[in-house]
Amino acid sequence: MGMFSSVLARLGVPQGTESGAAALTQLLGDNGGIQGIMARLSAGGAAQQVQSWVGHGDNKPVSGAQLRQALDRDSLDRVARQAGMSREQASDEVAGILPSLIDASTPHGHVPPQGEDPLARGMGAMHGMVSR
């Protein structure tokens, strides 16, 4: 199973389910893609973790509670409903995959410009990014 499939599986989304993929895409887009998510988490006290995802070396974890405080509540609720779990469970799962998603989308330690952000462009772009 590739990273794309495991992202959806961790959220309880059966392989090929477009609604789950759409909910995750919307969560990422609603929160400003890479730049927005990084800014929100950094402002919430997770700046060291966020920088570790872009830099070289190990990715430091972020908690589901930190995501719940930083990200849009409605978009977290949407992902939770699609996955058939609570907001707490969904945010914990997203917290588990977010460092790898951002790490994979910031090659060479650089955050892509707004228009080239694979997280904001959707699952098609992310699938290509993590399948490399």
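Predicted model: local features only at pLDDT ≥ 70, side-chain atom pairs only at ≥ 80, totals over all residues.

Colleague: Fine. At what angle do H3 and H6 cross?

Modeller: Roughly 90 degrees, and the axes of H3 (residues 33-54) and H6 (residues 87-104) come within 12 Å. That makes H3 roughly perpendicular to H6, a label for angles of 65 to 115 degrees. Axes here are lines fitted to C-alpha atoms, for helices over the stretch in contact, with angles running from 0 to 180 degrees between N-to-C directions. Helices are DSSP runs (H or I, at least four residues), numbered from the N terminus.

Colleague: Which residues make the contact?

Modeller: From H3 you get Ile34, Ile37, Met38, Leu41, Trp53 and Val54, and from H6 Leu98, Pro99, Ile102 and Asp103. Contact means heavy atoms within 4.5 Å.

Colleague: New topic. How many salt bridges are there in the whole structure?

Modeller: The search finds 3, a salt bridge being a side-chain nitrogen of Lys or Arg within 4 Å of a carboxyl oxygen of Asp or Glu. One of them joins arginine 78 to aspartate 30, with the closest N and O atoms 3.2 Å apart. Arginine 78 sits in H5 and aspartate 30 in H2 (residues 18-30), so the pair ties together parts that are 48 residues apart in sequence.

Colleague: What about arginine 87?

Modeller: Arginine 87 pairs with aspartate 77, and their closest N and O atoms are 2.5 Å apart. That pair links H6, which holds arginine 87, to H5, which holds aspartate 77, 10 residues apart.

Colleague: Are those two buried or exposed?

Modeller: Arginine 87 and aspartate 77 are both buried. Buried means under 20% relative accessible area, exposed over 50%, and partly exposed in between (1.4 Å probe, protein chains only). By contrast, arginine 78 is partly exposed at 22%, and aspartate 30 is partly exposed at 34%.

Colleague: Which pair is left, with aspartate 92?

Modeller: Aspartate 92 meets arginine 68 in a salt bridge at 3.8 Å, N to O. Aspartate 92 is in H6 and arginine 68 in H4, so parts 24 residues apart in sequence are tied together.

Colleague: OK, what happens at the two ends of H5?

Modeller: At the start of H5, a side-chain oxygen of aspartate 72 reaches to within 3.4 Å of the backbone nitrogen of aspartate 74. Just after H5, glycine 84 takes a positive phi of about 70 degrees.

Colleague: Last one: what does the side chain of serine 105 reach?

Modeller: The backbone oxygen of leucine 101, at 3.0 Å. Serine 105 is in the loop between H6 and H7 (118-121), and serine 105 is buried, with a relative accessible area of 3%.

Note on methods: Residues numbered from 1 in each chain as written. Heavy atoms only, no water. Parallel < 35°, antiparallel > 145°, perpendicular 65-115°, else oblique. Polar contact = N/O pair within 3.5 Å; in protein donor to acceptor, adjacent residues only side chain to side chain.
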